[in-house]
Amino acid sequence: MKEYFPTSKIQFDGPKSRNPLAFKHYNPDEVVEGKTMREHLRFAAPYWHVMRNTLGDPFGDGTAQMPWDDGSNSVENALARVDVFFEFLEKMDIDYYCWHDRDIAPELNDLAASNDALDQVVAKLKTKQEESGKKLLWGTACLFTHPRYSQGAATSPDARVYAYAAAQVKKALECTNALDGLGYTFWGGREGYSTLLNTNMKRELDHLATFLHMAIEHADKIGYTGPFYIEPKPREPSTHQYDSDAAACLNFLREYNLTDRFKLNIETNHATLAGHTMEHELTVAANAGLLGSIDANRGDTLLGWDTDQFPTDIYGTTQVMLVVLGMGGFTTGGLNFDAKRRRESHEPIDLIHAHIGGMDTFARGLKIAAAIRADGRLADFVQDRYASFNNGFGAKIETGMTSFEELEAIALAGGEPQVKSGRQEYLENLINEFI
Ligand code: XUL
Ligand code: CO
């Protein structure tokens, strides 16, 4: 079979290596905290960015060279891409991948034809998975590109659009299940509004919840037992998206009784757009026991939109891995590089460089986070900071065994509390000892 990525399989070469086509830190079999890096990091590649992103932007055409692609909307072209994608996964030593229905197969003239195209590609993906051992981390339906979804999919004011979206999710879920997908994602790109003047927010949210409940019912019918993920993002493309951040998603899931089957897929650049840090979003989800998976990328502080860049910030990946290790690691989820190259990096080999960088940055984050945890000073500091709640009336507060009257008596007798320093700078220095 013709090969398109001019490299052999990327190997670990060690931190001193100057080979740009080698891992300097990602050593898949190296054991950290009792598991291999491969098991901890569970890297996934997104079909949409790797195979379909032409690297166009609002001001210019795509630049990406795709010598394997004949530019047509045909099923043959879609099938040919599958081989190229698996060559990529193999050479990158990435075990998992993710897709939207419309990345892997073309949208044709009607739904039945599109479904048929999808079946053909899924059959090929199944064979490739069996041959290679690669796995589907999650599937999803693209409910945002086609003009029919311009006013929403599960929150569209038009019931016919809602039905179309339902049909698309039904099929995408069946395809995910056929490929033994470990998860199924909902990203509500168009589930929001541009103006409240034309919007009945309550009705739209009720419709969205009903949609998600039908997805669970259908999962039960077809025997899909994995989790569903909701991926928060505040805006872009909509002005206001309902799944704006982790807390808003959790509130929605709880309000509509969806927490049994839904977890969150947290994306770095979406956290930034929501005005939060990634570690904040991850901590909100993890505290609820609902951190499912991660879309690993980053934004650009000089640009206010979703640039989907590859993670290169070791400080950031350290903080991500502190949360992931802290919750005991991923179960069904993983680190999906929802990231694309810059428009200037148009050659196929740039995809390889980009993923090497992302994987090495996360490998370093993992090793540094494990070292910080082994050192123990950070955790001890936090533990100690709340020591006054460990016994006495502090413990009574935590167990709900006290009252305002009792606490007032303690405050009257105790005088002015002498508060200890929060030592932010000391802790920042401590983290930098390890980076
Ligand atoms: C868009 C985004 C999507 C989802 C899947 O910002 O992150 O690619 O990850 O629909
Ligand atoms: Co994403």
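## Salt bridges: worked exercises

Asp101, Arg102, Glu107 and Arg148 are linked in a network of salt bridges. The model is predicted. A search of the whole structure finds 23 salt bridges.

**Exercise 1.** Locate Asp220 and Arg261, then classify Asp220 and Arg261 by relative accessibility.

*Solution.* 
- The two residues form a salt bridge: the closest N and O atoms of Asp220 and Arg261 are 3.1 Å apart.
- Asp220 sits in helix H7 (residues 201–222). Arg261 sits in the loop between helix H8 (246–255) and strand S12 (262–267). The pair is 41 residues apart and links distant parts of the chain.
- Exposed means over 50%. Asp220 has 52% relative accessibility, so Asp220 counts as exposed.
- Buried means under 20%. Arg261 has 16%, so Arg261 counts as buried.

**Exercise 2.** Work out which parts of the chain are tied together by Lys233 and Asp306.

*Solution.* 
- The Lys233 and Asp306 side chains meet in a salt bridge, at 2.7 Å from N to O.
- Lys233 lies in the loop between strand S10 (228–230) and strand S11 (240–241).
- Asp306 lies in the loop between strand S13 (291–295) and helix H11 (314–326).
- The pair therefore ties together parts 73 residues apart in sequence.
- Lys233 and Asp306 are both buried.

Technical notes: Residues numbered from 1 in each chain as written. Chains lettered and ligands numbered in written order. Predicted model: local features only at pLDDT ≥ 70, side-chain atom pairs only at ≥ 80, totals over all residues. Heavy atoms only, no water. Salt bridge = Lys/Arg side-chain N within 4 Å of Asp/Glu carboxyl O. Helix = DSSP H or I, 4+ residues; strand = E, 2+ residues; numbered from the N terminus. Buried < 20%, exposed > 50% of the residue type's maximum accessible area, 1.4 Å probe, protein only.
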